[in-house]
Structures are given as structure tokens and as C-alpha cells.
Amino acid sequence: MAHWRLRRLVTRRRVKWAGLVLCVLVLGVYVASAWYAARGWVVNEPKLAVYMGIGRGRLAFAVINSRTSADGGIPLLSPFRLDPLDRPSIDLWPIWFALDSFTATDPRPITITEADVPLWIPLLFLSIPTAWRWWTDRKAPPGHCRYCRYDLAGLNARAESGITICPECGKPTEREA
Ligand SMILES: [Zn+2]
């Protein structure tokens, strides 16, 4: 039994579950952001300040780069904190994400990069591959390859590992007990 095949099976399973956990987490944040907003400045260095905000189904961040360092850092508007929203809602518009970058010179040269991302976009891009993994990993009939459903009857699994390598697609399937 090639050890890497067993490892690949374990890795596949971990990726599948990690994907599901991530999807549930992002979905939870998405739903919670209809009622609560978490926002504020999370980095305050002399030449770098980062703002992050999650609220109303959207993720926003701004990065301020300064070429000259300021005493005490770039002045911040507010520290990072969580607040309930006055009127709970999800902002669906603008439907797509926005990324913008511009420079300012007053009172000193800075570059500001802003992004606004609806949370359904990362949710979609996480859930498609996760759903695909769960779909391809669904239970095949006993004695069949779990990936391509090739009939493995008549193939002798190695007794010590309980894993059969599919001759059709080359992927490992655990033998039914
Ligand atoms: Zn197969």
C-alpha cells in the first residue's frame, strides 16, 4: 500500500470538512452582519493603517500607506469594535465588489486602497468547490469506487490497509467492513 495514497484520502477528507466549516462560518458572519457591524482600525503603524469593517452583508477594508512616518502613527478614527445596527438589513447593492486606490498629498503623501466586497461572493467561491467535493465523495454502492463508481468486485484489497486502488481512475477507496 503506497502510503501517499492513504495520506491523499485523509487529506481529501480534511479539505472537505474544512471547506464545510469555512462555509458555515462565512454564512454565520453573513447572517450576523445583518444585525451587527464590526468595524474600526486594526493596524496603526507610523507608515501603515488598516481599516476593516463587516456589516450589512459586506466586507470593507481600507489600507493607508504613508511614505513618511508620523509620530504616533496615522491618526485613527476609531478602534475596532462591535455595534448593533439601528436598522438591521443586508445591502445587496452594489452587487459586485469594488476596489479603488488613490493618492493624496495633504498633509503628507499617502496612498489609500479601498475595497468593498459583498460576503456572498466569498461564500459562493467557497461553497462551489466544497459542494463538489461532498458530491464526488458521496457514498458509492458497496464494492464500488467512491470517486468514479467503478465496480471493484473481484479486486483484492490489501488486508492490512483496507484500501483498494481503483484501476479506472487510480483513486483510493476504503473497503467496506
Ligand atoms: Zn475510480
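The chain has 2 helices and 8 strands, and the coordinates come from a predicted model. With a radius of gyration of 25 Å, well over the 16 Å that the globule rule gives for 177 residues, the chain is more spread out than a compact globule.

**Overall shape and domains**

- Taken along the principal axes, the box that the C-alpha atoms of the chain fill is roughly 80 × 40 × 25 Å.
- The domain assignment divides the chain into domain 1, made of residues 3-28 + 126-174, and domain 2, made of residues 35-118.
- Between the C-alpha centres of domain 1 and domain 2 there is a distance of 42 Å.
- Of the 177 residues in the chain, 12% count as buried.
- When contacts between residues at least 6 apart in sequence are considered, 56% of them join residues at least 24 apart.

**The six-stranded sheet**

- An open sheet of 6 strands has the order β4-β1-β2-β3-β6-β5, and its pairing is antiparallel.
- The edges of this sheet are formed by β4 and β5, each of which pairs on one side only.
- From one strand to the next, the twist averages 10°.
- Strand β2 (residues 48-55) and strand β3 (residues 58-66) run antiparallel and are joined by 8 bridges; within this pairing, Ala49 stands opposite Ile64, while the bridge partner of Val50 is Val63.
- Strand β3 also runs antiparallel to strand β6 (residues 110-118), to which 9 bridges join it, and in this pairing Asn65 has Thr111 as its bridge partner.

**The turn between β2 and β3**

- Strands β2 and β3 form a hairpin with 2 residues between them, and the turn includes Arg56.
- Arg56, placed in the loop between β2 and β3, has a positive phi of about 50° although it is not a glycine.
- Because a residue counts as buried if 20 or more other C-beta atoms lie within 10 Å of its own, Arg56 is buried, with 21 such atoms within 10 Å.

**Other backbone details in loops**

- Arg149, which is found in the loop between α2 (120-136) and β7 (163-165), also is not a glycine and has a positive phi, here of about 65°.
- Arg149 is partly exposed, with 15 other C-beta atoms within 10 Å, a count that lies between the limits of 12 or fewer for exposed and 20 or more for buried.
- Trp93 and Pro94 are joined by a cis peptide bond, with omega about 0°, and Pro94 lies in the loop between β4 (81-84) and β5 (98-104).

**Confidence in the model**

- The average pLDDT of the chain is 86, and 90% of the residues score at least 70.
- Confidence is lowest in strand β8 (residues 172-174), where the mean is 83, and highest in β4, at 95.
- Where pLDDT is low, the predicted coordinates should not be read in detail.

Definitions and conventions:
Residues are numbered from 1 along each chain as its sequence is written. This is a predicted model: local features need pLDDT of at least 70, side-chain atom pairs count only at pLDDT 80 or more; totals for chains, interfaces and linings use all residues. Two strands pair if DSSP finds at least two bridges between them. Helices (H or I, at least four residues) and strands (E, at least two) are DSSP runs, numbered from the N terminus. The radius of gyration is taken over C-alpha atoms; the globule rule is 2.2 Å times the number of residues to the power 0.38. Two residues are in contact if their C-beta atoms, placed from the backbone, lie within 7 Å. Domain bounds come from an automatic or database domain assignment. pLDDT is the predictor's confidence in each residue, from 0 to 100. Axes are lines fitted to C-alpha atoms, for helices over the stretch in contact, and angles run from 0 to 180 degrees between N-to-C directions.
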